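Please keep the sequence and the structure in view while reading.

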Amino acid sequence: MRRRLATIAATVGAIVFAAGCHSRGPMPRSLAEWEQFDFAKREVGLGDLKGLSGTDLARVRGIIFGKHGRVFEDSALQAWLMPRPWYVADGQYTPERLNDRERANIEVVREAEARARPHIAPGDLLFFKDRPITSAMLGQHTQDEWDILELEIPVIHGYRVDLTEGYDGYTDESDTATVWRWYQERYWYHPTDDYPYQHPERVLSAVERANIDTIRVARLLQYAARIEPGSLDLLAGREITPKMISANKLYELRVLRNEIYARHGYRFSTKWLQEHFADKPWYTPRDDFKEIEITELERRNLATIRAREDELHAQLSTEPFTQWDVNGLTGDDARILRNEIFARHGYAFRDPKLAAYFAALSWYHPDPSFTDASLSEIEKGNVKVLRDQEIHAKSGQRFLPEG
């Protein structure tokens, strides 16, 4: 009997202990009660947030950060925080002030927000790590938001966001400062020097890589933005419009045009194109390539790209170019473009290769009366920019150093 009573007592004690472990006390039922909640010590579950609107969820998140003085760029949330008696704005706030319990609670609130939103927003992709996303799920965003979203999946794995480095490799600080600052303010941002920049597939799952592609396509479709070389597979079956390539540079346009052939296995004779496509995992050069393999859609896309290249060539005489406009051109390409400015005024070339090249162009008509005075100030400036690129490319660097 004593043994039986002891067993019963032990069982009851275990039940009481277990109940005590799972008891977290009454949870808040109003926003005012959430303001008094001790997020630093008490746990929040998704079920505790059920019924809160998206606005109230954002305010609960704001309470956790606000107790440490964070100032939000979200004007609506900041306006709500300002009159709270416990809120003291602190410009020196850093994410390090949050303890582990607060960070865990923020994750729960963020997930609740992500579930409540009609579309994915920056900061939500952590909750889609193993879930394929669609363009419809992404909705519409500003350019800054797209920049953040394109980086977010690599950042979750330790990708380091540099102040002057966008995801597409550009180095315009005015364009990337907002993105850099956004990530600096994220408590979950932990960059590492071990992130495999050249081989991200070592840390990104197939689903994550596909989601990055989906983000890029959704952005492109919203803004008809610049098409990056290497991304034509994302546009399979879609026609390229002039607007889609209006922001591409001459170098990128030439790569895009040749990428159409490369994806059919065309074997290039031009050395830099050989080298460019050689390290692409999808490129398999073939000796049996035939022009007939290029589809009608691809032919239209080739014509669109070529037309844009021709526009930029014509602009050599009408619009000032910067070094970024010619960045990436080989020394030979830059030399051809530089001499094209002279050729459009009828300069008679002594170099047999240049003479043969321009003689094949219908618009070229040699003019013995040509003088340097024929060039406008814009053309003279573009000659210098292209000459600088020639020198830069021949020194072994076709692309300007970042920073």
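## Nonpolar cores

A nonpolar core is a set of buried Ala, Val, Leu, Ile, Met, Phe, Trp, Tyr and Cys residues joined through side-chain atoms within 4.5 Å, where buried means under 20% relative accessible area (1.4 Å probe, protein chains only). This is a predicted model: local features need pLDDT of at least 70, side-chain atom pairs count only at pLDDT 80 or more, and totals for chains, interfaces and linings use all residues. Residues are numbered from 1 along each chain as its sequence is written, and side-chain values use heavy atoms, without hydrogens and water.

The largest nonpolar core has 50 residues, of which Trp34, Phe39, Leu49, Val155, Val161 and Tyr183 touch the most other members. Helices that each supply at least two residues of this core include α3 (54-66), α7 (143-156) and α9 (206-223); helices are DSSP runs (H or I, at least four residues), numbered from the N terminus. The largest share, 6 residues, comes from α7. Apart from this core lies another, of 38 residues, among them Ile227, Met244, Leu250 and Leu253.

## Surroundings of Tyr183

Leaving aside neighbours within four places in sequence, Tyr183 is in contact (heavy atoms within 4.5 Å) with Ile148, Leu151, Glu152, Val155, Val161, Trp188 and Tyr189.

A cavity is a set of points on a 1 Å grid over the protein atoms alone where a 1.4 Å probe fits but cannot get out; lining residues have an atom within 4 Å of a point. The structure holds 1 cavity of 30 Å³ or more. The largest cavity contains about 40 Å³ of space, and Leu125, Phe128, Lys129, Ile153, Ile156, Glu208 and Asn211 line it. Both α7 and α9 give two or more residues to this lining.

Conventions. 1 Å grid on protein atoms, 1.4 Å probe; cavity = no way out; pocket = protein on both sides within 12 Å on 5 of 7 lines; lining within 4 Å. Points joined across faces, edges and corners; volume = space filled by probe spheres on them.
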